[in-house]
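I opened a notebook page for this chain and decided to write down, entry by entry, what I looked up and what I found.

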Amino acid sequence: MRKVLAHAHVLDGTGGPPRVTDVAVEDGRIVAVGDGLVGDVVVDLAGRTLLPGLINTHVHVVGTSPILEDRLRAPFSAQFFAAIPLMADLLRCGFTTVRDLAGADLGVKRAVERGLLPGPRLEIAVQCLSPTGGHIDAWLPSGVDAFEYYIAHPGRPHGVVDGPDEIRLAVRELTRAGADVIKICTTNGGLYPRKDYLPAHFRDDELAAVIEEARNAGRPVASHAHGVEGVKNAVRAGVDSIEHGTYLDDEAVDMMAERGTYLVPTLSRSFGPLDNAAAGARIGAERLAHARRIADANLESFQRAVGAGVPIAMGTDMHGGELLDELHYMQVGGLTTEQVVAASTSVAAELLGIADDVGAIRPGLRADLVVVAGDLLPFKGLRERIATVYQDGVVVSGSEPEGRER
Ligand SMILES: [Zn+2]
């Protein structure tokens with residue numbers, strides 16, 4: 001059956017301006033884009049906006065708490081069930097493909113593929129790699145080793161690694177376990193004011209080993225990095241994306257632009273605590289001041305990257321907060337509406353290496369589509385205006401306006 005989605009304001013995801021036109025869908029794929037298309041069923045989308053399915057390049061759908069005691073007390077398998085509402089929420093927000101940068105294992109991905117777990121298509125990192133004392137090392141001064149943030153299990157190899165040989169082994173184990181992308185941490189995390197999160201982690205020979213093994217396995221490499229030296233080391237070594245990039249200087253963004261290294265700025269994650277505080281959440285003064293410094297630095301770095309022409313891919317990191325606010329913050333940081341949509345669709349697909357399958361409204365691609373009731377703007381509050389989400393041409397969230405038979 002050929003279905004025509006007619007008369008919508010189509011933003012095709014490639015950065016061009018919207019135009020009113022028709023999109024024909026058949027067997028889960030987009031088969032034509034143009035005016036006056038005919039089909040077996042026509043759905044009139046006049047006055048609505050049609051986008052490609054959104055792609056979130058940095059999520060964590062397997063649940064784990066930032067509170068250590070909660071993590072220690074949670075039953076092991078509870079983390080996987082926590083993915084159910086998170087995946088549903090991602091779909092509701094229009095995300096039809098996401099990249100899980102640690103947590104989700106091959107079983108979670110298979111559950112989605114087999115229709116057991118409704119949610120966006122998954123690209124997975126399985127685990128992230130950091131050195132002893134790094135981002136995911138949960139050893140405590142008391143002597144208690146509280147395990148990695150994502151506890152190793154048969155489907156999720158151990159992620160604290162030191163030296164080129166251990167790193168090589170870890171990349172091979174991750175590839176064997178089904179990782180689509182290799183995630184490393186070249187600085188500490190930024191969540192905790194006590195932790196010094198700026199110094200660079202991993203030495204050049206360790207980074208070279210990651211890149212070589214990942215390239216050999218045909219996997220891209222994503223690096224979590226807040227401090228600028230950790231960013232530069234990772235970019236110089238040849239990673240495909242910098243995640244967060246909270247502190248970027250001119251040299252760093254020039255290096256990224258020259259090499260085509262993507263930035264996944266996760267701005268909404270930095271602004272989340274401030275938004276929560278503004279909405280009445282009680283957050284300690286010290287923590288709030290820390291959050292303010294991080295948010296300001298993150299936004300300034302993002303603007304610097306945009307100015308230098310660094311490719312930007314949308315990612316939220318998903319630590320609470322409103323997922324679609326990331327679009328708002330990218331616009332605040334200087335992207336046009338069309339560029340925000342491109343960062344959340346076609347550019348994200350390029351980073352994931354799946355641009356020949358998803359990320360734009362173009363014949364041949366999967367019919368992953370989002371219908372917005374009325375205008376796309378403002379991005380704040382967009383969730384409420386998302387009317388229909390299609391995956392492979394099938395409605396997976398919301399409802400479709402009544403079509404008429406021809
Ligand atoms: Zn993350």
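**Entry 1: helix α3 and what follows**

I began at the end of a helix, and I noted that α3 is followed by Gly 94, whose phi angle is positive, near 95 degrees. I keep in mind throughout that I am reading a predicted model.

I then went back along the helix itself, α3 (residues 83-92), and asked which of its residues are buried. The list I wrote down is Ala 83, Met 87, Leu 90 and Leu 91. These residues lie on the same side of α3, because the arc they cover around the axis is only 100 degrees. When I looked for what covers the buried residues of α3, I found several elements, including β6 (54-59), α2 (78-81), β7 (95-100), α4 (106-113), β15 and β16.

**Entry 2**

One bridge I checked joins Asp 100 to its partner in β8, Ile 124. I also asked which residues of β8 (residues 121-124) are buried on each face. Arg 121 and Glu 123 are buried on one side, while Leu 122 and Ile 124 are buried on the other, and I recorded that both faces of the strand are covered.

**Entry 3: the five-stranded sheet**

Next I traced an open sheet of five strands, whose order is β9-β10-β11-β12-β13 and whose pairing is parallel. I noted that β9 (128-129) and β13 (262-264) stand at the edges, and that each has a single partner strand, so one side of each is left without a neighbour in the sheet.

Further in, I looked at β10 (residues 182-185) and β11 (residues 221-225), which pair in the parallel sense over four bridges. For Lys 183, the bridge partner in β11 is Ala 222. Helix α7 (residues 228-237) packs on this sheet, where it touches β11 and β12 (241-244), and the direction of α7 makes about 165 degrees with that of β11.

**Entry 4: two domains**

Last, I looked up the domain assignment, which gives domain 1 as 2-52 + 360-405 and domain 2 as 54-352. Their C-alpha centres lie 30 Å apart, and the contact takes 22 residues from domain 1 and 21 residues from domain 2.

Which elements each supply at least two residues of the side of domain 1 that touches domain 2? I found β5 (49-52), α14 (382-385), β15 (386-391) and β16 (394-398), and of these β15 gives the most, with three residues. Sorted by class, that side of domain 1 has 13 nonpolar, six polar and three charged residues.

Notes. Residues numbered from 1 in each chain as written. Predicted model: local features only at pLDDT ≥ 70, side-chain atom pairs only at ≥ 80, totals over all residues. Pairing = 2+ DSSP bridges. Contact = placed C-beta atoms within 7 Å. Axes fitted to C-alpha atoms, helices over the stretch in contact; angles between N-to-C directions. Domains from an automatic or database assignment. Nonpolar A, V, L, I, M, F, W, Y, C, P; charged D, E, K, R; others polar. Buried ≥ 20, exposed ≤ 12 C-beta atoms within 10 Å, placed from the backbone. Arc of directions from axis to C-beta.
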